[in-house]
Amino acid sequence: MNELRALIERHCVSTRFETAIPRVTLLRSCTQTGPARVLYEPLFCVVAQGRKQVMVGDKMLIYDTAKYLVVSVDLPASGSILDASATEPYLAFSMRLDRGALASLLLELASIEDDGAPSAGMAVSPIDAELLDPVVRLLRLLDRPRDLAILSPLIEREILYRLLTGAQGRMLRQIALSDSRLSCISRAIDWIKHNYSETMRVEALAEIAGMSGSSFHRHFKAVTSMSPLQFQKQIRLQEARRLLLVQRADAGSIGFAVGYESQSQFSREYSRLFGEPPARDAARLRDLSALDPQRLSQPV
(Lines give C-alpha, C1' and ligand atoms only; values in the text may rest on other atoms or scores of the structure.)
Protein backbone atom coordinates (compact mmCIF):
# COMPACT_ATOMS: atom_id res chain seq x y z
CA MET A 1 0.00 0.00 0.00
CA ASN A 2 2.91 2.38 0.68
CA GLU A 3 4.20 1.86 -2.86
CA LEU A 4 0.72 2.37 -4.32
CA ARG A 5 0.43 5.61 -2.38
CA ALA A 6 3.81 6.81 -3.63
CA LEU A 7 2.99 5.96 -7.26
CA ILE A 8 -0.31 7.86 -7.16
CA GLU A 9 1.24 10.87 -5.42
CA ARG A 10 4.01 11.08 -8.01
CA HIS A 11 1.85 10.74 -11.10
CA CYS A 12 -1.42 12.41 -10.01
CA VAL A 13 -0.53 16.07 -9.48
CA SER A 14 -4.06 17.38 -10.13
CA THR A 15 -7.49 16.30 -8.93
CA ARG A 16 -7.90 13.69 -11.65
CA PHE A 17 -5.33 12.07 -13.94
CA GLU A 18 -6.28 9.87 -16.91
CA THR A 19 -3.22 7.66 -17.24
CA ALA A 20 -1.67 6.21 -20.38
CA ILE A 21 -2.94 2.82 -19.18
CA PRO A 22 -6.34 2.21 -20.82
CA ARG A 23 -9.31 2.63 -18.45
CA VAL A 24 -7.10 3.58 -15.46
CA THR A 25 -7.61 6.89 -13.63
CA LEU A 26 -5.85 8.30 -10.56
CA LEU A 27 -7.52 10.71 -8.14
CA ARG A 28 -6.26 13.11 -5.52
CA SER A 29 -7.94 15.52 -3.09
CA CYS A 30 -6.30 17.62 -0.36
CA THR A 31 -9.66 18.50 1.22
CA GLN A 32 -12.65 16.69 2.58
CA THR A 33 -15.68 17.16 0.35
CA GLY A 34 -19.42 17.32 0.85
CA PRO A 35 -21.74 15.03 -1.09
CA ALA A 36 -21.06 15.19 -4.84
CA ARG A 37 -23.69 13.55 -7.03
CA VAL A 38 -22.32 11.80 -10.10
CA LEU A 39 -23.14 8.84 -12.31
CA TYR A 40 -20.87 5.92 -11.44
CA GLU A 41 -19.99 3.53 -14.25
CA PRO A 42 -18.82 -0.09 -13.87
CA LEU A 43 -15.44 0.16 -12.16
CA PHE A 44 -12.99 -1.17 -9.60
CA CYS A 45 -11.48 1.27 -7.10
CA VAL A 46 -8.72 1.05 -4.49
CA VAL A 47 -8.08 3.83 -1.98
CA ALA A 48 -4.38 4.24 -1.22
CA GLN A 49 -4.89 6.96 1.39
CA GLY A 50 -7.95 8.50 3.01
CA ARG A 51 -11.55 7.36 3.25
CA LYS A 52 -14.70 7.86 1.20
CA GLN A 53 -18.44 7.42 1.70
CA VAL A 54 -20.89 6.68 -1.12
CA MET A 55 -24.68 6.82 -0.91
CA VAL A 56 -26.69 5.00 -3.57
CA GLY A 57 -30.41 5.18 -2.92
CA ASP A 58 -30.81 4.41 0.78
CA LYS A 59 -27.60 2.36 0.97
CA MET A 60 -24.36 3.75 2.44
CA LEU A 61 -20.90 2.31 1.69
CA ILE A 62 -17.59 3.40 3.26
CA TYR A 63 -14.24 2.28 1.88
CA ASP A 64 -10.61 3.01 2.72
CA THR A 65 -7.20 1.36 2.44
CA ALA A 66 -8.58 -1.89 3.86
CA LYS A 67 -11.36 -2.28 1.26
CA TYR A 68 -11.99 -2.03 -2.47
CA LEU A 69 -15.09 -0.82 -4.31
CA VAL A 70 -16.77 -2.55 -7.23
CA VAL A 71 -19.57 -1.02 -9.30
CA SER A 72 -21.31 -3.32 -11.77
CA VAL A 73 -23.85 -1.03 -13.49
CA ASP A 74 -24.32 2.69 -14.16
CA LEU A 75 -25.60 4.13 -10.88
CA PRO A 76 -26.41 7.70 -9.80
CA ALA A 77 -24.80 8.09 -6.39
CA SER A 78 -23.51 10.66 -3.92
CA GLY A 79 -19.86 10.53 -2.82
CA SER A 80 -18.09 12.34 0.04
CA ILE A 81 -14.38 12.28 0.85
CA LEU A 82 -14.22 11.82 4.62
CA ASP A 83 -10.46 11.89 5.26
CA ALA A 84 -8.11 14.18 3.33
CA SER A 85 -5.63 16.98 4.09
CA ALA A 86 -2.78 18.87 2.46
CA THR A 87 -0.24 16.64 4.22
CA GLU A 88 -2.20 13.38 3.71
CA PRO A 89 -4.37 13.79 0.60
CA TYR A 90 -7.04 11.36 -0.46
CA LEU A 91 -5.45 9.11 -3.11
CA ALA A 92 -7.29 6.53 -5.20
CA PHE A 93 -6.82 4.16 -8.15
CA SER A 94 -9.79 3.51 -10.45
CA MET A 95 -10.11 1.05 -13.33
CA ARG A 96 -13.18 0.95 -15.58
CA LEU A 97 -14.36 -2.62 -16.07
CA ASP A 98 -14.12 -4.15 -19.53
CA ARG A 99 -17.13 -6.42 -19.99
CA GLY A 100 -15.54 -8.16 -22.98
CA ALA A 101 -12.41 -9.02 -21.00
CA LEU A 102 -14.55 -10.36 -18.15
CA ALA A 103 -16.53 -12.52 -20.58
CA SER A 104 -13.31 -13.86 -22.13
CA LEU A 105 -12.00 -14.85 -18.71
CA LEU A 106 -15.26 -16.55 -17.80
CA LEU A 107 -14.86 -18.87 -20.78
CA GLU A 108 -11.70 -20.20 -19.16
CA LEU A 109 -13.13 -20.50 -15.66
CA ALA A 110 -15.46 -23.16 -14.35
CA SER A 111 -19.03 -22.34 -15.36
CA ILE A 112 -21.08 -20.87 -12.52
CA GLU A 113 -24.76 -20.34 -13.17
CA ASP A 114 -26.74 -17.32 -12.01
CA ASP A 115 -28.88 -18.51 -9.11
CA GLY A 116 -31.46 -15.78 -9.75
CA ALA A 117 -31.01 -14.08 -6.37
CA PRO A 118 -31.03 -10.25 -6.41
CA SER A 119 -27.54 -8.73 -6.53
CA ALA A 120 -26.42 -5.23 -5.53
CA GLY A 121 -24.87 -3.03 -8.20
CA MET A 122 -22.25 -1.55 -5.86
CA ALA A 123 -20.32 -3.21 -3.03
CA VAL A 124 -17.13 -3.03 -0.96
CA SER A 125 -14.96 -5.93 0.20
CA PRO A 126 -11.69 -6.33 2.14
CA ILE A 127 -8.64 -6.10 -0.08
CA ASP A 128 -5.81 -8.66 0.14
CA ALA A 129 -2.24 -8.90 -1.14
CA GLU A 130 -3.22 -11.06 -4.12
CA LEU A 131 -5.40 -8.25 -5.51
CA LEU A 132 -3.25 -5.33 -4.40
CA ASP A 133 -0.05 -6.71 -5.95
CA PRO A 134 -1.15 -6.54 -9.63
CA VAL A 135 -2.61 -3.05 -9.04
CA VAL A 136 0.83 -1.84 -7.92
CA ARG A 137 2.57 -3.63 -10.80
CA LEU A 138 0.16 -2.02 -13.27
CA LEU A 139 0.98 1.48 -12.01
CA ARG A 140 4.72 0.75 -12.10
CA LEU A 141 4.33 0.67 -15.88
CA LEU A 142 3.79 4.45 -15.82
CA ASP A 143 7.51 4.67 -15.12
CA ARG A 144 8.29 2.24 -17.97
CA PRO A 145 6.31 3.48 -20.99
CA ARG A 146 8.12 1.09 -23.35
CA ASP A 147 6.62 -1.90 -21.48
CA LEU A 148 3.16 -0.45 -21.06
CA ALA A 149 1.45 -1.53 -24.30
CA ILE A 150 2.56 -5.16 -23.95
CA LEU A 151 2.28 -5.73 -20.20
CA SER A 152 -0.73 -3.64 -19.16
CA PRO A 153 -3.32 -5.95 -20.82
CA LEU A 154 -1.76 -8.95 -19.07
CA ILE A 155 -1.82 -7.29 -15.65
CA GLU A 156 -5.35 -5.97 -16.19
CA ARG A 157 -6.41 -9.54 -16.97
CA GLU A 158 -4.81 -10.70 -13.72
CA ILE A 159 -6.72 -8.04 -11.77
CA LEU A 160 -10.00 -9.11 -13.37
CA TYR A 161 -9.20 -12.74 -12.54
CA ARG A 162 -8.63 -11.84 -8.88
CA LEU A 163 -11.91 -9.91 -8.84
CA LEU A 164 -13.83 -12.76 -10.48
CA THR A 165 -12.49 -15.27 -7.96
CA GLY A 166 -12.86 -12.89 -4.99
CA ALA A 167 -15.67 -11.74 -2.74
CA GLN A 168 -17.48 -9.83 -5.51
CA GLY A 169 -16.96 -12.51 -8.15
CA ARG A 170 -20.65 -13.37 -8.33
CA MET A 171 -21.56 -9.77 -9.12
CA LEU A 172 -18.85 -9.47 -11.77
CA ARG A 173 -19.77 -12.77 -13.39
CA GLN A 174 -23.24 -11.37 -13.90
CA ILE A 175 -21.83 -8.36 -15.76
CA ALA A 176 -20.38 -10.66 -18.41
CA LEU A 177 -23.30 -13.09 -18.73
CA SER A 178 -25.88 -11.77 -21.19
CA ASP A 179 -28.72 -13.76 -19.62
CA SER A 180 -27.94 -12.94 -15.98
CA ARG A 181 -30.36 -10.99 -13.82
CA LEU A 182 -27.85 -8.14 -13.53
CA SER A 183 -27.47 -7.92 -17.31
CA CYS A 184 -31.26 -7.85 -17.65
CA ILE A 185 -31.50 -4.95 -15.19
CA SER A 186 -28.61 -3.25 -17.02
CA ARG A 187 -30.69 -3.21 -20.21
CA ALA A 188 -33.47 -1.39 -18.37
CA ILE A 189 -30.97 1.03 -16.83
CA ASP A 190 -29.50 1.72 -20.27
CA TRP A 191 -32.98 2.51 -21.61
CA ILE A 192 -33.63 4.97 -18.78
CA LYS A 193 -30.25 6.66 -19.34
CA HIS A 194 -30.95 7.24 -23.03
CA ASN A 195 -34.66 8.09 -22.68
CA TYR A 196 -34.76 9.88 -19.32
CA SER A 197 -36.94 12.73 -20.63
CA GLU A 198 -39.70 10.41 -21.84
CA THR A 199 -42.69 9.18 -19.88
CA MET A 200 -41.68 5.85 -18.40
CA ARG A 201 -43.88 2.78 -18.02
CA VAL A 202 -42.47 0.31 -15.53
CA GLU A 203 -44.29 -2.51 -17.34
CA ALA A 204 -42.40 -1.64 -20.53
CA LEU A 205 -39.10 -1.66 -18.62
CA ALA A 206 -39.90 -5.12 -17.29
CA GLU A 207 -40.43 -6.26 -20.88
CA ILE A 208 -37.05 -4.79 -21.89
CA ALA A 209 -35.47 -6.70 -19.00
CA GLY A 210 -37.34 -9.86 -19.94
CA MET A 211 -38.85 -10.23 -16.46
CA SER A 212 -42.23 -10.30 -14.85
CA GLY A 213 -43.28 -7.04 -13.18
CA SER A 214 -42.80 -8.32 -9.63
CA SER A 215 -39.40 -9.90 -10.39
CA PHE A 216 -38.25 -6.73 -12.16
CA HIS A 217 -39.20 -4.50 -9.20
CA ARG A 218 -37.39 -6.81 -6.76
CA HIS A 219 -34.18 -7.08 -8.76
CA PHE A 220 -34.10 -3.40 -9.78
CA LYS A 221 -34.36 -2.34 -6.12
CA ALA A 222 -31.66 -4.85 -5.12
CA VAL A 223 -29.25 -3.59 -7.81
CA THR A 224 -29.82 0.17 -7.51
CA SER A 225 -31.30 0.61 -3.99
CA MET A 226 -33.98 2.69 -5.78
CA SER A 227 -37.27 2.18 -7.53
CA PRO A 228 -37.27 2.70 -11.33
CA LEU A 229 -39.07 6.04 -10.88
CA GLN A 230 -36.54 7.24 -8.28
CA PHE A 231 -33.71 6.17 -10.60
CA GLN A 232 -35.21 8.09 -13.53
CA LYS A 233 -35.65 11.18 -11.35
CA GLN A 234 -31.98 11.15 -10.32
CA ILE A 235 -30.84 10.70 -13.93
CA ARG A 236 -33.09 13.60 -15.01
CA LEU A 237 -31.84 15.91 -12.27
CA GLN A 238 -28.17 15.09 -12.82
CA GLU A 239 -28.58 15.75 -16.55
CA ALA A 240 -30.35 19.01 -15.71
CA ARG A 241 -27.41 20.01 -13.54
CA ARG A 242 -24.98 19.27 -16.36
CA LEU A 243 -27.04 21.28 -18.85
CA LEU A 244 -27.31 24.23 -16.48
CA LEU A 245 -23.53 24.26 -16.17
CA VAL A 246 -22.65 23.99 -19.85
CA GLN A 247 -25.55 25.83 -21.53
CA ARG A 248 -26.29 28.60 -19.02
CA ALA A 249 -29.97 28.40 -20.00
CA ASP A 250 -32.82 29.32 -17.67
CA ALA A 251 -34.04 26.70 -15.22
CA GLY A 252 -37.50 26.45 -16.75
CA SER A 253 -36.28 25.44 -20.20
CA ILE A 254 -33.76 23.00 -18.72
CA GLY A 255 -36.45 21.38 -16.58
CA PHE A 256 -38.66 20.97 -19.64
CA ALA A 257 -35.76 19.52 -21.65
CA VAL A 258 -35.18 16.72 -19.12
CA GLY A 259 -38.85 15.77 -18.91
CA TYR A 260 -40.48 18.01 -16.27
CA GLU A 261 -43.80 19.60 -17.15
CA SER A 262 -43.95 21.75 -14.00
CA GLN A 263 -41.22 24.32 -13.35
CA SER A 264 -42.10 24.48 -9.65
CA GLN A 265 -41.83 20.70 -9.31
CA PHE A 266 -38.47 20.74 -11.10
CA SER A 267 -37.11 23.48 -8.84
CA ARG A 268 -38.43 21.76 -5.72
CA GLU A 269 -36.98 18.34 -6.57
CA TYR A 270 -33.69 19.85 -7.77
CA SER A 271 -33.30 21.74 -4.47
CA ARG A 272 -34.12 18.61 -2.49
CA LEU A 273 -31.42 16.61 -4.28
CA PHE A 274 -28.65 19.21 -4.61
CA GLY A 275 -29.41 21.50 -1.66
CA GLU A 276 -29.94 24.71 -3.67
CA PRO A 277 -32.30 26.01 -6.38
CA PRO A 278 -31.09 25.35 -9.95
CA ALA A 279 -29.76 28.82 -10.81
CA ARG A 280 -27.88 29.28 -7.53
CA ASP A 281 -26.40 25.78 -7.68
CA ALA A 282 -25.25 26.30 -11.29
CA ALA A 283 -23.51 29.56 -10.36
CA ARG A 284 -21.69 27.83 -7.48
CA LEU A 285 -20.62 24.97 -9.74
CA ARG A 286 -19.22 27.40 -12.33
CA ASP A 287 -17.10 28.99 -9.61
CA LEU A 288 -15.82 25.56 -8.53
CA SER A 289 -15.14 24.60 -12.13
CA ALA A 290 -13.13 27.77 -12.67
CA LEU A 291 -10.93 26.87 -9.69
CA ASP A 292 -10.55 23.17 -10.63
CA PRO A 293 -12.17 22.03 -13.91
CA GLN A 294 -11.63 18.34 -13.08
CA ARG A 295 -13.21 18.25 -9.64
CA LEU A 296 -16.80 18.11 -10.91
CA SER A 297 -16.14 14.83 -12.72
CA GLN A 298 -14.51 13.03 -9.79
CA PRO A 299 -16.56 9.90 -9.13
CA VAL A 300 -14.44 7.63 -6.90
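The side chain of serine 14 reaches the backbone oxygen of arginine 16 at 3.1 Å, a polar contact, that is, a pair of N or O atoms within 3.5 Å in which, within protein, one must be able to donate a hydrogen and the other to accept it, residues adjacent in sequence counting only if both atoms are side-chain atoms. The model is predicted, so local features need pLDDT of at least 70 and side-chain atom pairs count only at pLDDT 80 or more, while totals for chains, interfaces and linings use all residues. Residues are numbered from 1 along each chain as its sequence is written, and side-chain values use heavy atoms, with hydrogens and water left out.

Serine 14 sits in the loop between helix H1 (2-11) and strand E1 (16-18); helices (H or I, at least four residues) and strands (E, at least two) are DSSP runs, numbered from the N terminus. With a relative accessible area of 29%, serine 14 is partly exposed; buried means under 20% relative accessible area, exposed over 50%, and partly exposed in between, with a 1.4 Å probe and protein chains only. Arginine 28 is 14 residues away along the chain, and its C-alpha atom is separated from that of serine 14 by 6.7 Å.

I turn next to helix H3. At the start of H3, a side-chain oxygen of aspartate 128 comes to within 3.3 Å of the backbone nitrogen of glutamate 130. The buried residues of H3 are Leu131, Leu132, Pro134, Val135, Val136, Leu138 and Leu139. An α-helix has 3.6 residues a turn, so residues three or four places apart point the same way. What do the buried residues of H3 pack against? They pack against H1, strand E2 (24-29), strand E4 (43-49), strand E7 (67-71), strand E9 (90-96) and helix H4 (145-164), where contact means heavy atoms within 4.5 Å.

Helix H2 (residues 99-108) contains leucine 106. Is leucine 106 buried or exposed? Leucine 106 is buried, at a relative accessible area of 14%. Leaving aside neighbours within four places in sequence, leucine 106 is in contact with Leu164, Arg173, Ala176 and Leu177. Of these, leucine 164 is 58 residues away in sequence and 8.4 Å away in space, C-alpha to C-alpha.

Among the strands, E8 (residues 75-83) holds serine 80, which is buried with a relative accessible area of 8%. Beyond its neighbours within four places in sequence, serine 80 is in contact with Thr33, Gly34, Pro35, Arg51, Lys52 and Gln53.

Two loop residues follow. Glutamate 41, in the loop between strand E3 (36-40) and E4, counts as partly exposed at 35% relative accessibility. Neighbours within four places in sequence aside, glutamate 41 is in contact with Val71, Val73, Asp74 and Arg96. Alanine 66 lies in the loop between strand E6 (59-63) and E7 and is partly exposed, with a relative accessible area of 43%. With the same exclusion of neighbours within four places in sequence, alanine 66 is in contact with Ser125, Pro126 and Ile127.

Some backbone angles also deserve mention. Arginine 23, in the loop between E1 and E2, has a positive phi near 75° and is partly exposed at a relative accessible area of 26%. Serine 225, in the loop between helix H8 (213-224) and H9, has a positive phi near 60° and counts as buried at 10% relative accessibility. Helix H9 comprises 20 residues, 228-247, which should span 28 Å at 1.5 Å a residue, in agreement with the 28 Å between its end C-alpha atoms. Arginine 248 follows H9, and its phi is positive, near 55°.

Rolling a probe the size of a water molecule over the atoms shows where empty space is left. On a 1 Å grid over the protein atoms alone, a pocket is an open set of points where a 1.4 Å probe fits, with protein on both sides within 12 Å along at least five of seven lines, and lining residues have an atom within 4 Å of a point. The second largest pocket holds about 290 Å³ of space, a volume being the space filled by probe spheres set on the points, which are joined across faces, edges and corners. Its lining has 14 residues, with Pro42, Ser72, Arg99, Ile175 and Ser186 nearest the centre. Which helix supplies the largest share of the lining? Helix H6 (residues 181-194) does, with 6 residues.

Terms used
The expected span of a helix is 1.5 Å times one less than its number of residues.
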